[in-house]
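Please look through the sequence and the model shown here before reading on.

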Amino acid sequence: MGAGLENDPHPHAGSPDPQASPPLLPPSTAHGPCQVAKTGRLPKGQAGPGQAEGQKGRRPQKSDYFDEQKAKLLAGLGSEEADLSPKGHVDTLCIPVIDLINGHADAVTTSSCSGRVSIFHSGEAMGVKKKSRGGGWLLVSHDPITAQAVIEAVTPLPEGPGMVLFKFEPFILHVQCRSLSVAQAILTAAVGAGYRNSGLMAGSKMMVAVRSSLHLDVPIATEGQLLVDTQYLSLLTDLTNRKFEENAQRIANLCQALKRDWLEQAPTLPRAARRRQRLEAAGLPDSGPKHKGKSNKQKKKEKHDANPSLDTSTTSPNPHIPPIPAAFDPNDPPDRKGGVV
């Protein structure tokens, strides 16, 4: 297996250090070469994506921006060129989930990995077959492996200080959504399918990270010295292959959960429509919404319309003070009570 290291199949470009756990939302690790750059505040006089020349300096509509990003990502998936991942193409196990999500108008996948087993040497070492930031790979595979392949990968061990780690990393998927409701639906389906380490980030992009806890990270050598025997390496190999089986089953469960809980789920009806459905199912007539009482403003308006002679503008709010006549002449002599004779 060590001979095929030049095609590292892990598609998480942008996070080449396997020691660091993958972030919740890695920066724009697309399936293809159509990386969407991070966008901040648009420079003055520069038109953003989806904007005409007469709209320079304005931010694009969020929905239009999502449509443009999705079109670029799908164009990269359909391209025959290698993508930015070390493997250069999408993993076969990921294709059903990717097609399912990308077929929806409000979601698009940005990165994925079907799961992999690897033996990684941390630190600067000589003799590693494929180098990465912070170390080098001794073995990488997206398929079940044999104990003989593991033993050959660590014989001989690379020279130099550092620790050799035996790792299994399960399926991971990142999805960009048009709205929060879509992201919540995908997250709910993922958690129900067993991906309990999944999360959602709501910001300039609505992103969902689908992750599980099927990790395995075991040190097997340090400072050029093997810490375990071949029997223990065989045990790790068997454990990893069982994790591959469970990982594949969870991917299938995710497809079913997305269909059941998201794609085939009827949209939530308004409250009035749900009420009508319940009444129809019970065979009861729909009397419509209850009549609300009239406000004081409406009552005053109806009273004024019924008797236009009542002019509220000349009526005193204090019943002890006589109303002021509509036509008031200051030269008229006042009476003893302060009114006009």
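## Aromatic pairs and nonpolar cores

Phenylalanine 171 has a relative accessible area of 1% and is therefore buried, since buried means under 20%. This value, like the others in this report, is computed from a predicted model. Phenylalanine 171 forms an aromatic pair with tyrosine 195, and the arrangement of the two rings is edge-to-face. Tyrosine 195 also counts as buried, because its relative accessibility is 0%. Phenylalanine 171 lies in the loop between S5 and S6, whereas tyrosine 195 lies in the loop between H4 and strand S7 (199-202), so the pair ties together parts that are 24 residues apart in sequence.

A search of the whole structure finds 3 aromatic pairs. Another of them joins phenylalanine 168 and phenylalanine 244, whose planes stand at 80°, so this pair is edge-to-face. Here phenylalanine 168 belongs to strand S5 (residues 163-169) and phenylalanine 244 to helix H5, so the pair ties together parts that are 76 residues apart in sequence. Phenylalanine 168 is buried, with a relative accessible area of 0%, and phenylalanine 244 counts as buried at 8%. The table sets out the geometry of these two pairs.

| Aromatic pair | Distance between centres | Angle between planes |
|---|---|---|
| Phenylalanine 168 and phenylalanine 244 | 5.0 Å | 80° |
| Phenylalanine 171 and tyrosine 195 | 5.7 Å | 65° |

Which residues have the most contacts inside the largest nonpolar core? They are Ile186, Leu254 and Leu258, in a core that has 28 residues. At least two residues of this core come from each of helix H2 (95-102), strand S6 (172-177), helix H4 (180-192), strand S8 (206-211) and helix H5 (230-263). H4 supplies the largest share, which is 7 residues. When neighbours within four places in sequence are left aside, leucine 254 is in contact with Val97, Phe171, Ala190, Ala193, Tyr195 and Val210, and Phe171 and Tyr195 are the partners of the edge-to-face pair described above. Another core, of 21 residues, lies apart from the largest one and includes Ile145, Val150, Leu157 and Phe168.

Turning to the whole chain, the protein has 7 helices and 10 strands, and buried residues make up 38% of its 341 residues. Among the contacts between residues at least 6 apart in sequence, 70% join residues at least 24 apart. The chain exposes about 20300 Å², and carbon and sulfur atoms supply 54% of this area.

Notes. Residues numbered from 1 in each chain as written. Predicted model: local features only at pLDDT ≥ 70, side-chain atom pairs only at ≥ 80, totals over all residues. Heavy atoms only, no water. Core = buried A, V, L, I, M, F, W, Y, C linked by side-chain atoms within 4.5 Å. Buried < 20%, exposed > 50% of the residue type's maximum accessible area, 1.4 Å probe, protein only. Helix = DSSP H or I, 4+ residues; strand = E, 2+ residues; numbered from the N terminus. Contact = heavy atoms within 4.5 Å. Areas by Shrake-Rupley, 256 points an atom, 1.4 Å probe, with all protein chains shown as cover. Phe/Tyr/Trp six-rings, centres within 6.5 Å; stacked < 30°, edge-to-face > 60°.
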